[in-house]
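Subject: Structure handover

Hello,

Here is the structure you asked for. Please open it first, then read my notes below.

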Amino acid sequence: MAYWSDAGGDHATVWALIQLLQWSGGSCPASAVGYIYQQEGGSTHRWVLQQHGGVQHFVSAHSEVFVLEPKKPGDKCPTIWLRYAWEQLAGDGVNAATCNFQGGICAQGAACKFSHQLSQDESPLRMEKLRLQVEYYLSDENLATDSFFQALIRGSSGGWVPVSTFQGCPRIQQLKATSEELVASLRWSTQLQLREWPVGAEEVRRKNPLPELLAPKPPEPLNEDTLEERPLVLLRDCCDGWQAVVEDLERRSFCFLKRRPISEALLREEFQELLAFADWQTLRSKAGAVTRSTAWYVSPGCCCRYTYGEASVQAREKPEWLHHVEARILGDLCGLSRDQWPNSVNMNLYEDESQNVGWHSDDEGLFRGCQTDCRIISASWGASRRFEIALKDRSHISGKPSIFHDTLQGIDLHSGDLCSMEGAFQRHYSHQIAKGAASGPASSPAASLEKSCPYSTARINLTWRYIVSHKPYCPQSRVDQRQAPCTA
Ligand SMILES: O=C(O)CCC(=O)C(=O)O
Ligand SMILES: [Fe+2]
C-alpha cells in the first residue's frame, strides 16, 4: 500500500501538491508542501487521497508529513517549483485563482530555510523544451507519418513507450537530456500520462487514441537539371579545402564546409571589429524577446531593404573596414575574383545560445534562391553553434512549411569556419541555427579568453548573397539584372 514520508521540495513533491490543489479546489493550505508520495504500482495521488477521506481529512490526520524543512543544505524551496507549476496550470486554462498558494512566491522571506537558486539545467525553460519535444513525438501531427513511434506504441501493451526511448531522438540528444530530466519534465504534461514505477523504467503514453498512420506520400517530382545538362560552378571548383555536407545531385543541392583555416588571434580581432563597427539592429520575437541582431550591407548604388518577417532593415553601403574581411574570405578562401564577389552581406549577431534563427530557407525575392541557382557563403566568428539542415516537407499535414525530421543533419560551426549553400539548395532544403550550444567540443580555445569577452559566448555570422532581382524602388533594378556568377 501507500507510504508517506517527508523529503524536501523536489519534483514529486510539487507534482503531488498540484494534484492536491487541483482536486481540492484550493482548500489545501499553502504550507502543505513538504511531503513526497510514492506508491508501488503507481496509482494516482487522487485515488489514495480518496481512500484517506479527502484532502481536508488527510491534511489534519497526517499533519506530520507537512514539514517545511530542507533535508540537506541547498534543497530548493518547494514554492519556487510551485510557481512554475502554477504558471503551467494557468497556461493550460486551469483557473489559477483556485490554486491557493500565493502564486507560489515564497511567503517565508528570509526565514525560509530552502534555497531559492535554480541552476540553468533545472530551469523551467529547459523542462518545458523537453516536455514539448516529447509531446511532439507523440502528437497526432507527428504520428500521422512517424512509423517508428507508431510501431512502438502499437507493439506495446497499453501503448506505453519507455521514457529512455526519447534519448535516442536527435533533438533530445542535442539537449543532452538525462532520463531523470525527461521524467521530471513529463510530470507537467497534460497530453501524456506518465508511469513512474519502477524507477529507472518509467514509461509514457498518449491520453488520446492513436491516429492512423498515413500512407507515405509519393515523392515529389524533382525537375532539376543535371550538372551535365546545365553546368554549375561550385565553390569547390574555385579552390581546395571544401568538404561536402550535402551533395544531392538529384536535387542539384549542395552544402560545403571549410574548417577554420586562419589563426585564432586574427579571428578574435575581426570579431571585435565586426561587433564594434557593424550597424546592429535588434530583432525581436512577437513576444518581445531578442532573437538576434542583424546588419545589412549592399554594393554602391543599391538601396534594397532586407525583410525578416515583419521587420525591415535599411541597406547600408559596404563600408571600407569590411574590405579586408571580404578579401580574406571571398578572395583568399573562396577563390573568387573581385567581380565575382556577392553584392550583399547580411550579418547576424547571436549574443548567447538562447538567440537563434529558426527553420527557413533564404527564399527572399532579392536572391531568387528558389527559382535559380543560388550561391550563399557564410562565415562564423566566436562561439560555436549548431547549423542544421533538412529536406523541406512542403505538403506537411500541419499545412505549414515543415521539414522531414528523419533527414535532419547538423554540423557544428566553429569560429573561422566557412559554409556554403549552392545550386537549388534553397528550393529543397531548410536550415536553422538551433538554440543551445554546439554539440561537440569547440575547436576554438574560447576558454582561454577573458570571461568578460563576448567572443566566448556570442557568435557573429556573415552571410554573402547575390541580389539578382532588385526592389522596384532601387535604382539598380533598372541597370543591373545580371545573373549570379555561379550560373555558368
Ligand atoms: O547564422 C548562420 O549561420 C545562418 C544565418 C542564416 O541562415 C540567415 O541569416 O539566413
Ligand atoms: Fe538563412
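Start with the ligand. The residues around ligand 1 divide into three nonpolar, six polar and one charged. Keep in mind that this is a predicted model.

**The ligand site**

The shell around ligand 1 is made of N346, N348, V357, D362, S378, F387, H431, I433, N461 and T463. Which strands each supply at least two residues of that shell? They are β13 (344–350), β20 (429–433) and β21 (459–465).

**Strand β20**

Strand β20 deserves a look of its own. Four of its five residues are buried, so β20 is largely enclosed by the rest of the structure. β20 runs antiparallel to β16, and five bridges join the two. Within that pairing, I389 stands opposite H431, and E388 stands opposite Q432. H431 is also one of the residues around ligand 1.

β14 pairs with β20 as well, in the antiparallel sense, over two bridges. There V357 faces I433 of β20. Both V357 and I433 belong to the ligand shell.

**Strand β16**

β16 covers residues 385–393.

**A three-stranded sheet**

Elsewhere in the chain there is an open sheet of three strands. Its order is β3-β5-β4, and the pairing is antiparallel. β3 (161–162) and β4 (192–195) are the edge strands, each pairing on one side only. β3 and β5 (residues 203–206) are joined by two bridges. P162 stands opposite E203 in β5.

**Helix α11**

Helix α11 spans residues 264–277, 14 residues in total. From first C-alpha to last it reaches 20 Å, close to the 20 Å expected at 1.5 Å a residue. Which of its residues are buried? L267, E270, F271 and L274 are. Seen down the helix axis, the buried residues of α11 fall within an arc of 105 degrees, so they line one face. The face turned away from that buried side carries the exposed residues A265, E269 and A276.

The buried residues of α11 pack against α12 (323–333), β13, β15 and β21.

Most residues other than glycine have a negative phi.

- R252 has a phi near 55 degrees. It sits in the loop between β6 (243–248) and β7 (253–258). Is R252 buried or exposed? It counts as buried, because 22 C-beta neighbours lie inside 10 Å.
- R368 has a positive phi of about 50 degrees. Its place is in the loop between β14 (357–360) and β15 (376–382). R368 counts as partly exposed, because it has 18 C-beta neighbours inside 10 Å; the cut-off for buried is 20 or more.

**T457**

T457 lies in the loop between β20 and β21. Why does T457 count as partly exposed? Because 17 other C-beta atoms lie within 10 Å of T457, and a buried residue needs 20 or more. Leaving aside neighbours within four places in sequence, T457 is in contact with D352 and A383. R385 is 72 residues away from T457 along the chain, and their C-alpha atoms are separated by 9.9 Å.

**The whole protein**

Finally, the overall numbers. The secondary structure comes to 14 helices and 21 strands. The protein has 488 residues, and 33% of them count as buried.

Best wishes

Methods:
Residues numbered from 1 in each chain as written. Chains lettered and ligands numbered in written order. Predicted model: local features only at pLDDT ≥ 70, side-chain atom pairs only at ≥ 80, totals over all residues. Near = placed C-beta within 6 Å. Nonpolar A, V, L, I, M, F, W, Y, C, P; charged D, E, K, R; others polar. Pairing = 2+ DSSP bridges. Buried ≥ 20, exposed ≤ 12 C-beta atoms within 10 Å, placed from the backbone. Contact = placed C-beta atoms within 7 Å. Expected span 1.5 Å × (residues − 1). Arc of directions from axis to C-beta.
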